[in-house]
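Subject: Structure handover

Dear colleague,

I am passing on the structure shown here, followed by notes on what was found in it. Please read the notes with the model open beside them.

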Amino acid sequence: MEAQAIEDMFGVAVAASAEGRLDDAVAAFQAVLVMSPGHDEALFGLGLALMQTRRFAEAVEPLARAAAAPGAEPIRHQCLAQAQFLTGDFAGAAATFAAADAVEPVPEGARLTWARAAAYAALDTTSAQEALDLYARIAGSEAEDLETVARESFGILVAFQRLDAARALGAWLEAHNPADTIRAHELRVLVEPGIDRAPASYVEALFDGFAERFDHQLVDMLGYEAPALLAEMIASRRQQFERILDLGCGTGLAGPHLKRFGGRLTGVDLSSGMLAKAAERGGYYALVQDEAVTFLESHPGAFDLIVSADVLIYFGDLGPVFAAAAAALPPGGLMAFSTELGQGDGWTLLPSARYAHGDAYIRDSASGFRVLERQEIPLRREGADVTVGCLYLLERI
Ligand SMILES: C[S@@+](CC[C@H](N)C(=O)[O-])C[C@H]1O[C@@H](n2cnc3c(N)ncnc32)[C@H](O)[C@@H]1O
């Protein structure tokens with residue numbers, strides 16, 4: 001009787017999985033495991049469904065148990081290794097891939113992940129050059145260009161807080177390409193936490209290179225919704241504005257959301273690549289390439305609403321931004337923006353080269369403004385985590 005119930009529930013889980021109803025599949029596989037805790041196919045199915053829903057950390061345990069079953073197929077080891085990699089357990093992933101490879105050669109695409117996992121793990125004990133040589137040996141004929149690998153890996157290691165390993169790779173990159181302003185700043189951030197603003201040259205180079213992928217990366221991959229949420233927050237207070245500034249407009253993601261307020265929309269950004277994308281999207285009365293504070297300072301009283309989504313994360317000290325924004329708004333004017341949520345009454349330069357701001361810091365430094373609203377939101381996905389953001393709506397006093 002129980003065997004039948006297990007089989008039926010397993011069938012439900014497999015069907016849900018095949019139909020892409022992944023939460024149902026997770027629940028059904030878990031129900032199988034309540035009845036039959038060692039059911040290795042259910043463990044594997046559960047691990048896969050959790051991976052597909054990006055719950056990588058939760059997937060590791062069932063995948064490890066599924067891979068430990070006698071005679072487990074190599075694919076189970078490969079999936080476990082992927083989950084270990086995606087949770088930052090690079091040594092574990094490398095060891096699992098090596099064990100799988102001993103049974104059956106790891107296929108090409110997965111081999112590149114193995115090579116990276118082994119290199120990242122090796123950075124704990126060897127030089128960057130030796131780690132990259134190890135990457136090349138494991139990747140074999142599939143190996144990507146080592147500078148590309150090092151550049152991408154630097155970001156991944158920072159995201160996983162493996163800062164010593166990131167510093168070692170950063171130094172290798174700097175030695176191989178001293179003209180790379182992006183990497184130079186990102187490496188500097190790891191050794192000088194007092195830098196109070198991202199340099200304009202860094203922001204410009206970073207976003208010029210990012211413009212083409214930005215919308216797909218932020219919206220589709222990272223679940224970014226700050227522009228829409230800020231527009232909602234503004235609309236709950238006021239529905240009409242004549243002169244609107246999208247400060248750090250990027251590709252113009254906020255444009256369609258700000259249309260509801262009528263008025264003329266000006267976009268300002270440092271990156272010509274991002275501005276070109278905003279121009280393609282349309283909806284802007286004017287698009288200006290300028291630095292945010294410089295632009296605000298040269299436009300006293302020129303706007304009724306300033307919106308700045310995911311831009312103040314490139315400033316540590318917000319005093320100059322708020323002073324310039326206050327001067328650019330008349331009394332009663334509104335400023336809406338997002339931050340990455342930090343601690344207490346200060347700002348922190350994060351290893352990602354962005355800044356987080358404590359709520360008390362925002363309230364203390366926004367002189368000339370009154371805080372009308374504040375809302376914590378999931379700002380964007382970051383590695384296996386979600387970065388917590390904060391939306392603010394301020395009124396010029
Ligand atoms: C993460 S993007 C956000 C873009 C857009 N606001 C959105 O929500 O999609 C940050 C943008 O701010 C711009 N930016 C950063 N610092 C800036 C500054 N000091 N002056 C002008 N633009 C800046 C960058 O060039 C980039 O386009």
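To begin with the ligand, a polar side-chain atom of Glu 291 lies 2.7 Å from one of the ligand's nitrogen atoms, a polar contact being a pair of N or O atoms within 3.5 Å, where within protein one atom must be able to donate a hydrogen and the other to accept it, and residues adjacent in sequence count only if both atoms are side-chain atoms. Taken alone the ligand exposes 590 Å², of which the protein buries 98% (accessible areas by the Shrake-Rupley method with a 1.4 Å probe, and for residues only the protein chains shown count as cover).

Please keep in mind that this is a predicted model, in which local features need pLDDT of at least 70 and side-chain atom pairs count only at pLDDT 80 or more, while totals for chains, interfaces and linings use all residues. Residues are numbered from 1 along each chain as its sequence is written, and side-chain values use heavy atoms, with hydrogens and water left out.

In total, 21 residues surround the ligand, and Tyr 224 and Ala 292 are among the closest (a residue counts as near if one of its heavy atoms lies within 4 Å). Helix α12, residues 200–221, gives the most to this shell, with three residues (helices are DSSP runs of H or I with at least four residues, numbered from the N terminus).

Turning to helix α6, its 14 residues (90–103) should span 20 Å at 1.5 Å a residue, and its end C-alpha atoms are 20 Å apart, which agrees; the expected span is 1.5 Å times one less than the number of residues. Its buried residues, including Phe 90 and Phe 97, pack against α5, α7 and α9 (buried means under 20% relative accessible area with a 1.4 Å probe, protein chains only; contact means heavy atoms within 4.5 Å). At the start of α6, a side-chain oxygen of Asp 89 comes to within 2.8 Å of the backbone nitrogen of Gly 92.

In α7 sits Arg 116, which counts as buried because its relative accessibility is 8%; beyond four places in sequence, the residues it touches include Glu 144 and Glu 152.

Best regards

Notes:
Helix = DSSP H or I, 4+ residues; strand = E, 2+ residues; numbered from the N terminus. Buried < 20%, exposed > 50% of the residue type's maximum accessible area, 1.4 Å probe, protein only.
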